[in-house]
Amino acid sequence: MSDSPDDPDLLAAEYVLGTLDPATARRVAARSATDADLRRAIAAWEERLHPLSAMADEAAPPDALWRRLAGSIETGAPIDSGATVMRRSVAGRAWRSLPVWRASTVAGLALAAGLAAFIVLRPPPALPVAALLPSGSAAPAYMAQLQPDGMLRVFALRQAVVASDKDLELWALPRGASAPIPLGVLPAGGRAVVASNVSANGTQLLISLEQKGGSPTGRPQGPVLYAGTLHEVD
Amino acid sequence: MADTERYPGAPDDSAEAAALAALLGRCGQGDRAAFRRLYDLESKRLYGLALRITRQPALAADAVHDALLQAWERAALFDPGRGSVAAWLTGLVRYRAIDAMRKRAREVTGIDLPDEADETPGALERLSASAAGEALRRCLSTLEQHQRRVIVLAFVDGLSHAELAVRLESPLGTVKSWIRRGLQALKACLEA
């Protein structure tokens with residue numbers, strides 16, 4: 001390990017220690033999505049330093065914390081505890097620029113609330129989002145958002161019922177591509193965070209109905225039930 | 001195995017690590033009972049750590065909530081080859097707690113800093129309670145005092161460079177250098 005500020009191992013160490021300035025820390029987190037060496041270095045430093053957590057006194061969390069957590073996994077609530085007024089206004093701007101906003105239906109309004117909360121996840125900067133709609137409908141069934149670390153976060157806006165011998169599978173169709181890339185089966189409950197190498201703008205996301213465990217061929221076999229396109233919303 | 005109790009201070013932490021890994025695996029399949037069990041085993045440690053960093057119960061609860069929700073969502077993606085579940089969870093909570101504190105841009109001067117971790121009686125003893133902790137304690141003791149202090153204060157209390165500089169009444173550049181040299185020496189010792 002050299003003493004250079006750019007030494008990746010030292011960068012990983014300081015990232016784990018928490019002493020990097022927030023902008024640099026965000027860059028390291030983003031880079032780790034595509035840099036396996038950096039990812040390994042971070043994991044190794046987390047492992048090395050983790051015993052230090054025993055030096056802080058244990059403390060019983062308030063009972064409300066479990067109830068809140070149980071509620072979050074039940075309802076598919078977004079990870080939004082850091083929400084602030086500023087973030088909400090960003091979300092509002094982002095929302096107004098989405099085409100689906102123009103559908104002034106009750107479903108649309110309900111979605112507005114959901115999407116605003118959803119976008120509050122990790123702005124700024126605004127992250128590309130997609131609303132996945134059934135064919136011929138203006139009411140999105142799923143939302144997807146690309147995360148700063150390159151992961152794609154997906155969740156159902158309403159409960160989808162799938163036959164027990166079927167699964168819903170997620171696909172990405174980059175702009176100009178002819179074949180979609182399988183991103184995996186959506187778990188029951190419709191929430192998933194999947195690794196994706198999709199570029200932000202213009203990539204289409206599809207959800208198809210497949211046999212249990214997903215399409216065995218790497219191509220959609222069943223009907224595409226929902227589709228939407230990733231857009232940067234700011 | 002999944003029901004192995006967590007014995008605080010057990011010197012061999014491999015059974016505990018295996019239990020957490022098994023529970024996280026079940027979380028990845030959507031098993032909510034396993035998630036509850038994981039919560040019961042880890043929430044006191046994680047909340048205590050978040051509280052130490054944020055010093056505010058509401059912020060600590062937010063950090064643990066968000067970290068465990070993220071753990072639940074990403075459980076199926078967790079690669080056991082990456083390391084232990086406990087270390088991963090520690091990271092998830094610490095990044096969020098530290099992030100929350102940096103965003104608040106807390107005033108260094110007005111902050112009532114807690115007693116320093118490495119001067120608290122019993123704290124080092126707790127570090128020695130696990131095999132990995134004992135190795136870390138031994139290597140920390142080989143560092144120069146300033147190097148050890150900045151690393152422990154940064155990790156356990158979540159102090160930034162600026163806060164460390166105030167706390168140790170030393171220039172920022174000196175603090176940064178202690179951190180870097182301390183981390184390098186620590187790694188060399190742990191891998192020796």
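Trainee: Which residues of helix 3 of chain B meet which residues of helix 4 of chain B?

Mentor: First, the model is predicted: local features need pLDDT of at least 70, side-chain atom pairs count only at pLDDT 80 or more, and totals for chains, interfaces and linings use all residues. Residues are numbered from 1 along each chain as its sequence is written, while chains are lettered from A and ligands numbered from 1 in the order written. Helices (H or I, at least four residues) and strands (E, at least two) are DSSP runs, numbered from the N terminus. Residues are in contact if their C-beta atoms, placed from the backbone, lie within 7 Å. Now the case. Helix 3 of chain B brings B:L59, B:A60, B:D62, B:A63, B:V64, B:D66, B:A67, B:Q70 and B:A71. Helix 4 of chain B answers with B:L89, B:L92, B:V93, B:R96, B:A97 and B:A100.

Trainee: At what angle do helix 3 and helix 4 of chain B pack?

Mentor: Packed helices are described by the angle and the distance between their axes. Axes are lines fitted to C-alpha atoms, for helices over the stretch in contact, and angles run from 0 to 180 degrees between N-to-C directions. Here helix 3 (residues 57–74) and helix 4 of chain B pack at about 140 degrees, with axes 8 Å apart. That makes helix 3 of chain B oblique to helix 4 of chain B (under 35 degrees is roughly parallel, over 145 roughly antiparallel, 65 to 115 roughly perpendicular, the rest oblique). By class, this contact has 11 nonpolar, one polar and three charged residues (Ala, Val, Leu, Ile, Met, Phe, Trp, Tyr, Cys and Pro are nonpolar; Asp, Glu, Lys and Arg charged; the others, Gly among them, polar).

Trainee: Which residues touch the most other members of the largest nonpolar core?

Mentor: A nonpolar core is a set of buried Ala, Val, Leu, Ile, Met, Phe, Trp, Tyr and Cys residues joined through C-beta atoms within 7 Å. Buried means 20 or more other C-beta atoms within 10 Å of its own, exposed 12 or fewer, partly exposed in between; C-beta atoms are placed from the backbone. In the largest core, of 77 residues, B:A50, B:V64 and B:V93 touch the most other members. Helix 4 (residues 85–103) of chain B gives the largest share, 12 residues. Apart from this core lies another, of 30 residues, including A:L170 and A:W171.

Trainee: What does B:V64 touch?

Mentor: Leaving out residues up to four places away in sequence, B:V64 touches A:P61, A:L65, B:S43, B:L46, B:Y47, B:A50 and B:V93.

Trainee: How many residues of chain A are in contact with chain B?

Mentor: Chain A has 43 residues in contact with 59 of chain B. Helix 4 of chain A gives the most to its side, with six residues. That side divides into 26 nonpolar, eight polar and nine charged residues.

Trainee: At what angle do helix 1 of chain A and helix 9 of chain B cross?

Mentor: Their axes come within 10 Å and cross at roughly 110 degrees. Helix 1 of chain A and helix 9 of chain B are therefore roughly perpendicular. A:L10, A:A13, A:E14 and A:L17 meet B:I179, B:R180 and B:L183.

Trainee: How many helices and strands has chain B?

Mentor: Chain B has nine helices and zero strands. Of its 192 residues, 46% count as buried.

Trainee: Where is A:K166 found?

Mentor: A:K166 is in strand 4 (residues 166–173) of chain A. With 13 other C-beta atoms within 10 Å, A:K166 is partly exposed. The C-alpha atoms of A:K166 and A:K212 are separated by 4.4 Å, though these residues are 46 apart along the chain.

Notes
Contact = placed C-beta atoms within 7 Å.
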